[in-house]
Structures are given as structure tokens and as C-alpha cells.
Protein chains: 2
Amino acid sequence: MTRGMGEMAESQLAAVPRDFDSLRAHIIERQEQMPKRLAQVAAFALANPDDIAFGTAASIASAADVQPSTLVRLAHHLGYAGFSDLQTIFRGRLRERTSSYEERLISLEQSEAGGADAAVLNGFLTAAMQSLSRLSQQLPAESFSRAVDILGKAETIYLLGKRRSYPLVAHMSYAFSKLGIRHQLIASPNGVDQESIQFATPRDAALAISFSPYAPETIRHAEAMQASRTPVVALTDSPFSPLARAADCWFEVSEADFSGFRSISASMALCMALPVAIAEKRRHKKTAKQKME
Amino acid sequence: MTRGMGEMAESQLAAVPRDFDSLRAHIIERQEQMPKRLAQVAAFALANPDDIAFGTAASIASAADVQPSTLVRLAHHLGYAGFSDLQTIFRGRLRERTSSYEERLISLEQSEAGGADAAVLNGFLTAAMQSLSRLSQQLPAESFSRAVDILGKAETIYLLGKRRSYPLVAHMSYAFSKLGIRHQLIASPNGVDQESIQFATPRDAALAISFSPYAPETIRHAEAMQASRTPVVALTDSPFSPLARAADCWFEVSEADFSGFRSISASMALCMALPVAIAEKRRHKKTAKQKME
DNA sequence: GACAAAATGGAATATTCATTTCACCCATGG
DNA sequence: CCATGGGTGAAATGAATATTCCATTTTGTC
């Protein structure tokens, strides 16, 4: 077997990185001048280093949507003997990595070195993780299923959320659009919200989100919709929330905070899951119907 | 090919460990009663788990001073289909170690009670946690500090983010408002964005957020602002992102995904931290100035 | 617009690798 | 002392895998 690097032997004699960080820098530096497919797979490699370490040429190739030969070409292009040689770099990265405890210490030290700014970032990351793990420990599986059920049946889903909750409904609106689910984001800048929700029927449904201090508008709208017998699902932060009263189904999500600024990570995870679960349910129902006919 | 476990099928029907810790316990428990060579190689495996994860049967065998076939026999003896099957356990250990929150994630994945809906919710929680722990492990302290620096000095902060990134800038807009920081959310429904950003001066700054597939509008606006010498801070998902090129300072946030739907939790945490850090910095500067006078 | 050079996809090939096989060894019980 | 069973080493086998080759497409240049 030849070494497979004849034509580039002299051009980069001393420049073949033998550790991951150098390789990363090397790739980032030259990515601009690489051929299209090589750049594509190089980007994939840096984004999914674990997959390179563990996968086979074929599996990686299909994941990165290229031919296996492209992987070999990339390796040669970078000066390695072949794909396997390149792969050892990615494996070395995992070997060198010390235990997770040490890792955390290192990142802590770095954050202290980074000063006050990094401490803030760390604080919010911690708050987000706390919120998520709290939700995962007592995840409201039944409420979630009911919510999926109610919203899954709705012709149009009305989304209510102001102020701090607005980014959540904004994201849901995006997700619903992507998934082809009819919905209406109640967030007009021209004050016609009240009028918009009057079109809701009992065959529709609403999702209302509000945290303390509760936006009075959201409460009012939720109450109005419930009064007209439109099912209302609520996402809020306390059983005593006025939203919980105005809803047919609600869940409580308690978010941790960093120096007074509350996270919305757990709620966000919920808001990402909800549209997908709804789409999933509708897809099943559709295929079930098709089978019936 | 047979499963290769005929003779021990009934003796340990339900007892083949699928994670490293169980396997370790399992081996320690039975090591005494194992044949000599098998015990020898089992001890080697527990002492050098990384070698098992990445080595070939031949290389491991010579390192442990046994025959390759002994490795296959050990795997069979423990109830696995073959050496490769056993090896996946050792590889899984390295994968999991990446995340400092591995235990929680595992318990999350295992608690698959509650049906398909809960599984979706679980999936998104897992993806969110992965994203967060990845960011906390390699948190971009310097980039973050630079970003705080640049944005802290700006008279007006312009926020650019469309589609999936819009909820992020929407939240920042809310936070900036609460903190009394002058800013401008470039998200008009009437198409005057291009005109809005023309008012930006080098004394202002922009924060642009975009993930693959990059919204062309955001890229264009960021480039336009950079061309007019307004500092641009970017938040994106790859060093090769067109946004990274159009920015004076950028950070990479790689988000995990659940069945193709990417999380934005890590980015969200960053977007919550940024305004607070900026406000913090300005407050310090102010008090410093007051002391001077 | 034509040509040359580079890049790419896909199939053929060569190699590596896990697994199986079989001959031999060694302990144990008759 | 022999017979029997599992245990072990070493080579044979066949599957899996990386690599190479070649026809075709794309890119850059005159």
C-alpha cells in the first residue's frame, strides 16, 4: 500500500496536525479555498467530531451526504495517509479528554478567568439547566398528552403570549408554520387582538402563556375565549395563576432564576415539543383514516 | 450468522448489561469464576477501557497478551453477540462522558413511560440539556466578553434575527427594554428594515443571529452594517457561517436536535445573559465616572 | 464559447478485521 | 491410567471496510 500523499509531500511537510485543536484551526483557516464537497465534509467533521471518531467511512459519508471517497480525499487533501489516519485524530480527542469532573473544573476556572461577564453567562446556563432538570424530574406527562389532544383536534390554534412569554409563542408560530398547522398568533401591534379572537369557535383551541406578573391582556383574552367555549390550554408558573383558572388544561412550569432574571428554558423546551407532538398525532390520525377507507 | 450465544441463552436471559457501569459491576462479580484467560482479558478491559473502545480485536489482543479469539469468547461469555457488540458498550462510555449531565440524561431516556407524547417532550428536554452542557463545557468566555464590550459601548443596539432566530432577538428586545438599554429590533412587517439600519452609525452596534440555513436577509443586513463601519456581533452555529465572516466578533453555539428539530436553548441562555452583562458593565462604568467627579 | 484542469460520483478492488474452525492441552472424575 | 469435558492457541474464512480507479460533471481560463 502506498502512503497516498505523493503529490503534496513537499508542500506541507511539517504542517500535518496530529492533535484535534490544531486540525480544527487548520481546517478553519483553509476552508475557504477548499473544493465544495471537501469543505462540506470538513464542516460536518468539526460539527460532529464524535461521529467521525466512532463511525465508519460509509456511515459518516451518508450522514454528511457525500461519497465515502470524499472522506478519503479530504484526508489526503489535509496531508494524512488516509481516512483512518485522519480518524485517529478524532479518536485521540476523546481519549485525551479527562473525566467530566475535571472538565467542569476547567470550565469553571476559565469562567473565573473570563471575569464578571462569563460569570453572568454561567449563571444563566446554570439556571437554565436547573429549570430543565426540574421539569424532567416531574414532567407533566398527562397534562402534556391532554394538551396535545386538545390542540391536535383544533381547526385553528390561537397563540396568546405577551412580554416575557412572547418569544415562546413566536417560536411556536414558526414551528406550526413549518409543520403546516393552521394557527393564529395574537400579537398585533395595532390593537385588534380582541377582534381577532372573536372569530374563534369551539372547534378551535387556544394556547395561552403567562408568568407572574401576569399580563392582563393575556388573561382577558383567555377568559374571553373560554367564555365562547373555545378550549384553552395554559402554560403558567403557579396553580394560583389566573390563567390556570381560565383554562381547560394547564401545566405548571417553574423556572429557576439568576439574580432575579428568570429563565424560560424549560418553557421553551415545552413549546418546541408541543408542535411536534401535535403534528405527529395528526399524521397518525391521517394514516389511520386512510387505512379505514 | 448466528447470534453466538446458544449455550448461555437461558442462564442470563435478561442480564446483558447495555451500559458501562452495569458491565463493570457484572464483570467484577463474576471474574472469580471465569476461565483464566477470560478473567485476564476482562481485567485488562476494565483497566484500559479506552483501548477497548478504539482498538481492533488484534491490537487489543496483543496488548492484553491473548489471542483475538479470546476477546470474542469473552464477549460471548458475557452474553453479547460478538466482540463488536461488546465494544459498543465501551464506546458508549466515551460518548456519554462528553456530557457532565450524563446521569440525568440517561435517567431521562430510560423513563419512557407516558406514551408517545411524553417521549417527544423528553426528547426535546434531552436535546436542550445536551446543548446547554456542551456550551457550558466550552463556553466562549473571551468572545462573550468582547461582545459585551462592543455592545456595551453602543448608543443603539440593532437586533437582527429572522425565522428561527426571531424568538431570541424578541426576548433580547424585552430584556433591553426592562434594563433601559436603547435598542432597535429589526423585524418590521412592512419591509422597512433596510431603511431602518441605514441610520446606524459606527457609534452603534448590531447583534445578528442566524443558523443554517441562514436567512439571507439577516446576512445582507449584517454585511450592510459592517460596510458602514457599525460593529457587528454575531451568534451562529458554525465557523463557516456567512454571518461569521460578516462580524467583528462572533460565537459559535452548536445545538443538539431531536429528530431533526434543533433546540435553541443554549442560544437562548446566551441571549438572556448578554443583556444583563451589558447592563452590569454600564452600571460599573457609570459609578466609576461618578467617583471621578 | 472552447479547452484544460480540477472535482465529483459510483463502482471495483484491496485490505483489514472479526469470527469461526480445528487441533491440542489440561484438568477432573471414573 | 484412561476418558471426557471445557479451555486455549493459531490459522482459515468470509464479511466489512477503506481505498483506488475511471467516467462524468463542474469549474476556471484564455
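Among contacts in chain A between residues at least 6 apart in sequence, 65% join residues at least 24 apart; a contact here means that two C-beta atoms, placed from the backbone, lie within 7 Å. Chain A has 293 residues, of which 43% count as buried, that is, with 20 or more other C-beta atoms within 10 Å of their own, while exposed residues have 12 or fewer and partly exposed ones fall in between, again with C-beta atoms placed from the backbone. This is a predicted model, in which local features need pLDDT of at least 70 and side-chain atom pairs count only at pLDDT 80 or more, while totals for chains, interfaces and linings use all residues. Residues are numbered from 1 along each chain as its sequence is written, and chains are lettered from A and ligands numbered from 1 in the order in which they are written.

**Chain A and its strands**

- Chain A contains 14 helices and seven strands; these are DSSP runs, numbered from the N terminus, with helices being H or I of at least four residues and strands E of at least two.
- Strand β3(A) is mostly covered, with five of its five residues buried.
- On one side of β3(A) sit Ala205(A), Leu207(A) and Ile209(A), and on the other Ala206(A) and Ala208(A), all of them buried.
- β3(A) runs parallel to β1(A), joined by five bridges, and it also pairs with β4(A) in the parallel sense over four bridges; strands pair if DSSP finds at least two bridges between them.
- Leu207(A) is a handy landmark here: Leu159(A) stands opposite it, and its bridge partner in β4(A) is Val233(A).

**Helix α12 of chain A**

- Helix α12 (residues 216–227) of chain A has 12 residues and should span 16 Å at 1.5 Å a residue, which agrees with its end C-alpha atoms being 16 Å apart; the expected span is 1.5 Å times one less than the number of residues.
- Which residues of α12(A) are buried? They are Thr218(A), Ile219(A), His221(A), Ala222(A) and Met225(A).
- Seen down the axis of α12(A), its buried residues fall within an arc of 165°, so they line one face of the helix; the arc is that of the directions from the helix axis to the C-beta atoms.
- These buried residues pack against β1 (157–161), β2 (183–186), α11 (193–197), β3 (205–209), β4 (232–236) and α13 (242–245) of chain A.
- The face turned away from the buried side of α12(A) carries the exposed residues Pro216(A) and Ala227(A).

**Backbone points to check**

- Most residues other than glycine have a negative phi, and most peptide bonds are trans.
- Arg229(A) is not a glycine, yet has a positive phi of about 70°. Arg229(A) is found in the loop between α12 and β4 of chain A and, with 12 C-beta neighbours inside 10 Å, counts as exposed.
- In chain B, Asp65(B) has a positive phi near 60°. Asp65(B) lies in the loop between α4 and α5 of chain B and counts as exposed, with 11 C-beta neighbours inside 10 Å.
- The peptide bond from Ser212(A) to Pro213(A) is cis, with omega near -5°, and Pro213(A) is found in the loop between β3 and α12 of chain A.
- A cis peptide bond also joins Ser212(B) and Pro213(B), with omega about -5°.

**Where chains A and B meet**

- The contact takes 55 residues from chain A and 53 residues from chain B.
- On the side of chain A that touches chain B, α8(A) gives the largest share, 13 residues.
- By class, that side of chain A has 32 nonpolar, 13 polar and 10 charged residues; Ala, Val, Leu, Ile, Met, Phe, Trp, Tyr, Cys and Pro count as nonpolar, Asp, Glu, Lys and Arg as charged, and the others, Gly among them, as polar.

**Around the DNA**

- There are 22 residues around DNA strand C, and Pro35(A), Ala57(B), Ser69(B), Gly82(B) and Phe83(B) come nearest; a residue is near a molecule or strand if its C-beta atom, placed from the backbone, lies within 6 Å of it.
- The largest share of the surface near DNA strand C, four residues, comes from α5(B).
- Around DNA strand D there are 21 residues, with Ala57(A), Ser69(A), Gly82(A), Phe83(A) and Pro35(B) coming nearest.
- For the surface near DNA strand D, α5(A) supplies the largest share, four residues.
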